[in-house]
Amino acid sequence: MEKKIRIGVIGCGGIANGKHMPAEKRNPMAEMVAFCDIIEERAIKAREDFGKPEDKVYTDYKELLKDKSIDAVLVLTPNCAHCEITVAALEAGKHVLCEKPMAMNYEEAKKMLAARDKSGKILTIGYQNRFRPDSLYMKDRAKEGMFGDIYYAEAIAIRRRAVPTWGVFIDQEKQGGGPLIDIGTHALDLTLFMMDNYEPAYCVGKTFHKLNKQKNTGNAWGDWDTEKFTAEDSAFGFVVMKNGAVIYLKSSWALNMANPIEAVTTICGDKAGADMLDGLRINTVIGGRQTMILPDMRADSVAFFEGNSANEPQDLEARCFTNAILGKGELYVTADQAAVVTRILEGIYESDKTGKPYYFD
C-alpha cells in the first residue's frame, strides 16, 4: 500500500471538528494518529470520532511532537498559539498546516517562515476559500489574462449579526482582533490571490466597538457576553499597493447592513472585472456591448488534486497538503503569501491605533 501521511491534531475545538478532522478522515493519503487539546475530554472525543482506539491522546503538544512517527501536524488552536506551536513543530521535523490567520502579527509570521526555511519542511495556512469552485474558476481566468491589469478590488466579509460566542473568538488578547483577523483575512487572501499582488505600500484603517456592548442583539448564536467581547465588532481598511492598485477591505461580525456576504472578492481590471456578490459574475464588453457572463458553478468540479474523496474546499485543501508532502504537487496556499495577509491586517490595526496611514517600508 502507498504510504499514508501520519498526522497529529493539535487543538480539537470547533474548527477541528467542523473542517479539518472530517476532511482528513476522507483523505485517502492521510491518517490521524494523535489528538491533543488542553481539555483532555475534547482530545478523547476527537479520537473516538476520527481516530482509532490505539491512537494517542495528549494535553501537551510538546509531548505529541516527540513522536518521531508523526509526519505532519495540524495547528488548530487560538491565534495566540499559532506561532509558538508551528515553530516547535517545524523544529521537530514535522510538516505543518496551520489554521488561518497565520499569526497574530507579522513578526510572528516571519518567525514561522524562518523555521520553515531552516527545517526544510512544508508549511501552509488554512485559506480553504481558494479551493471553492468559483475561486478556482476566477483564478484560472485571471491567470489567462482575461481581466488584464487589476487595479481596483474589494475584499468583503460582512456579517449582520453573526458574532461567534464560543471559544475565545471575541477575546482581543487571545485572538489579536475580531472580524478583521477572523473573516476579513479570508476575503483579503482571496483578493491578493486573484490580483497576484503581494507588495503593499501603505494602508489606512479604522475599527469600531459600536455594537459589542449591546444586549438583545438578535445574534445568530445568541447574545454575546459584553464583558468578554473586547475585540472590534467591525473593521475597514484601504490598502494601496506598490504598483498603484487599491483594495477596499470591509469586515464585520455585527453591522446594521442588509445583504451580508462573507469571504468574497470583487476585482476590476482594464479588460474585465468579476465579483462574487450574486454567484460568480464576470463583466466585460463584447462587440461593443456591456456583457455579463455567469459561469455555471453547479456542474461537477474536477478532482484538482490526487485522490478520489470529496471535492469540497476543505477536502481539496487537505489533499493538497498531503500531495505536497509526498512530492506529488505544489502548495496552493504558500506561507509567504499568508504572511503578507497578516502584515496588511496588522497595518490596518496599527493605522487605527495611530490615526495615521501605516507604511510598510
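Helix α9 covers residues 313-325, and its length makes sense: at 1.5 Å a residue its 13 residues should span 18 Å, and its end C-alpha atoms are 19 Å apart, which agrees. The expected span here is 1.5 Å times one less than the number of residues, and helices are DSSP runs of H or I with at least four residues, strands runs of E with at least two, both numbered from the N terminus. Please keep in mind that this is a predicted model, in which local features need pLDDT of at least 70 and side-chain atom pairs count only at pLDDT 80 or more, while totals for chains, interfaces and linings use all residues. Residues are numbered from 1 along each chain as its sequence is written, and side-chain values use heavy atoms, with hydrogens and water left out.

Twelve of the 13 residues of α9 are buried, so this helix is largely enclosed by the rest of the structure. Buried means under 20% relative accessible area, with a 1.4 Å probe and protein chains only. Among the buried residues are Pro313, Leu316, Arg319, Phe321 and Ile325. After α9 comes Gly327, with a positive phi near 75°.

Gly145 follows α6, and its phi is positive, near 90°.

Now turn to α1, where a kink of about 35° lies at His20, shortly before Pro22. The bend is the angle between axes fitted to the seven residues ending at a residue and the seven starting there. His20 and Pro22 are both buried.

On a 1 Å grid over the protein atoms alone, a pocket is an open set of points with protein on both sides within 12 Å along at least five of seven lines, and lining residues have an atom within 4 Å of a point. Of its 41 lining residues, Ile15, Leu76, Thr77, Pro78 and Phe169 lie nearest the centre.

The second largest pocket has a volume of about 260 Å³. Helix α10 (residues 335-354) gives the largest share of its lining, seven residues.

Conventions. 1 Å grid on protein atoms, 1.4 Å probe; cavity = no way out; pocket = protein on both sides within 12 Å on 5 of 7 lines; lining within 4 Å. Points joined across faces, edges and corners; volume = space filled by probe spheres on them. Buried < 20%, exposed > 50% of the residue type's maximum accessible area, 1.4 Å probe, protein only.
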